Amino acid sequence: MEDKPLISVVLPTYNGSEFISQAINSIINQTYTNWELIIVNDCSTDNTAEIIQTFAQKDSRIRVLTNEVNKKLPASLNVGFKQAQGEYYTWTSDDNEYYPQAFEKMVDFLQNNDDYGMVHAICRVEGCVEKCCWGYIATTPITLLEFPTVAACFLYKASIAKSVGNYDESCFYMEDHDFWLRFLLNAPIGIIPEELYMYRRHEASLTVKSGDIAAKKRLLLTLKYLPSYKENFPQSEDMLNYKYGLLEVINNEDDINYEILKKQFSTKTVYKQLKQIYKLKKSNWQLKRIKSLGFIYFLKAVELKYKYGVEK
């Protein structure tokens with residue numbers, strides 16, 4: 001495999017002993033063998049350290065880094081990628097598993113599609129009542145602003161990642177979505193419409209733990225990157241304005257544009273957007289806007305203030 005590009009895989013872990021052996025074995029069992037695995041132990045208190053050291057002793061492609069203090073996921077990713085030497089980067093979780101041909105198929109895609117900087121595949125979500133998949137929606141400026149369409153199975157070019165920068169350590173729970181949004185500003189993201197990964201959903205997983213926090217942070221990311229996306233993707237500007245124009249105006253105190261846009265949407269839609277922003281910022285001027293929608297919404301504003309309070 002000397003003529004094949006090296007893949008750097010970062011695996012951050014904290015108390016991952018229950019599933020981490022399966023996660024590591026899914027990498028060892030890849031049909032594509034030119035990879036390095038950098039495991040970042042984020043101060044685990046269970047027997048994770050013993051498990052990962054056993055793997056490292058048996059396979060020279062596996063390295064273990066240990067944080068001196070608990071840094072959490074985005075910082076641990078940055079610790080790992082700082083040591084990465086590959087031409088391609090990816091990372092995975094200590095409770096998920098790759099299908100055997102995942103690396104091979106993602107490398108083939110990037111080598112045969114030079115315009116793309118990243119590719120992702122479909123993930124089967126284990127732990128749902130019915131069969132559930134994630135990652136089957138193509139990544140576009142419109143879809144990525146709304147949802148983290150890049151699922152947990154992905155591969156991207158190290159050269160572009162270095163231009164994008166580190167994972168934002170202030171975006172815990174949404175560090176991946178924030179990174180994808182910045183990445184798409186630098187290069188297109190492709191999709192392999194095939195299941196290549198098993199994503200395990202359980203009570204201890206970050207997906208379950210994040211809950212409303214992730215939803216709120218996702219909305220903040222939309223508002224943060226919307227101006228850049230309209231500037232960098234002019235072909236999508238009309239649709240972006242249609243989907244997010246009202247939300248963007250409601251996020252600020254521009255009453256002139258707010259009054260203009262308010263006439264183009266139903267009162268129910270305007271209230272829904274106002275409520276989203278109010279729950280994030282708890283601003284008194286958002287409450288005033290809700291009250292101005294009518295008597296029923298005046299009462300809803302009182303309920304919101306009682307439930308969430310006012311911060312500014």
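Is Cys 123 buried or exposed? Cys 123 is buried, because its relative accessible area is 0%. Here buried means under 20% relative accessible area, exposed means over 50%, and partly exposed lies in between (1.4 Å probe, protein chains only). The views below are taken from a predicted model, in which local features need pLDDT of at least 70 and side-chain atom pairs count only at pLDDT 80 or more, while totals for chains, interfaces and linings use all residues. Residues are numbered from 1 along each chain as its sequence is written, and side-chain values use heavy atoms, with hydrogens and water left out.

View 1. Let us start with the strand at residues 118-126, called S6. Helices (H or I, at least four residues) and strands (E, at least two) are DSSP runs, numbered from the N terminus. In S6, 7 of the 9 residues are buried, so the strand is largely enclosed by the rest of the structure. Two strands pair if DSSP finds at least two bridges between them. With strand S9 (residues 189-200), S6 runs parallel, joined by 9 bridges; look for Met 118 opposite Ile 189. With strand S8 (residues 154-157), S6 pairs in the antiparallel sense over 3 bridges, and Val 119 has Leu 155 as its bridge partner there. Strand S7 (residues 132-134) is also antiparallel to S6, with 3 bridges. As you follow a strand, keep in mind that in a regular strand the side chains alternate between the two faces of the sheet.

View 2. How many disulfides does the structure hold? The count is 0, where a disulfide is a pair of cysteine sulfur atoms within 2.5 Å. Cys 123 is in no disulfide, and the nearest cysteine sulfur, that of Cys 153, is 5.5 Å away. The bridge partner of Cys 123 in S7 is Trp 134. Cys 43 is partly exposed, with a relative accessible area of 23%.

**View 3. Salt bridges between parts of the chain.** A salt bridge is a side-chain nitrogen of Lys or Arg within 4 Å of a carboxyl oxygen of Asp or Glu. By this rule the structure has 11 salt bridges. One of them joins Lys 105 and Glu 194, with N and O 2.5 Å apart. Lys 105 sits in helix H4 (residues 102-112) and Glu 194 in strand S9, so this pair ties together parts that are 89 residues apart in sequence. Lys 105 is partly exposed at 25% relative accessible area, and Glu 194 is partly exposed at 32%. Another salt bridge links Lys 243 to Glu 146, and their closest N and O atoms are 3.4 Å apart. Because Lys 243 belongs to helix H10 (residues 237-250) and Glu 146 to helix H5 (residues 141-146), the pair ties together parts that are 97 residues apart in sequence. Lys 243 is partly exposed at 30% relative accessibility, as is Glu 146 at 45%.

View 4. Lys 262 and Glu 259 form a salt bridge, 3.4 Å from N to O. They are 3 residues apart in helix H11, so about one helical turn separates them. Glu 259 is partly exposed at 36% relative accessibility. Tyr 258 is also found in H11 (residues 255-262), and Tyr 258 is buried at 1% relative accessible area.

**View 5. Helix H12 from end to end.** How far apart are the end C-alpha atoms of helix H12? They are 21 Å apart, which agrees with the 21 Å that the 15 residues of H12 (residues 267-281) should span. The expected span is 1.5 Å times one less than the number of residues. Among the buried residues of H12 are Val 270, Tyr 271 and Leu 274. After H12 comes Lys 282, whose phi is positive, near 50 degrees.

**View 6. A nonpolar patch on the surface.** Phe 295, Ile 296, Phe 298, Leu 299 and Val 302 form this patch, with about 510 Å² of accessible area together. Patches are made of residues with over 30% relative accessible area and no salt bridge, joining like charges within 9 Å and nonpolar side chains (Val, Leu, Ile, Met, Phe, Trp, Tyr) within 5 Å. The areas come from the Shrake-Rupley method with a 1.4 Å probe, and for residues only the protein chains shown count as cover. Ile 296 lies in helix H14 (residues 295-308) and counts as exposed, because its relative accessibility is 56%.
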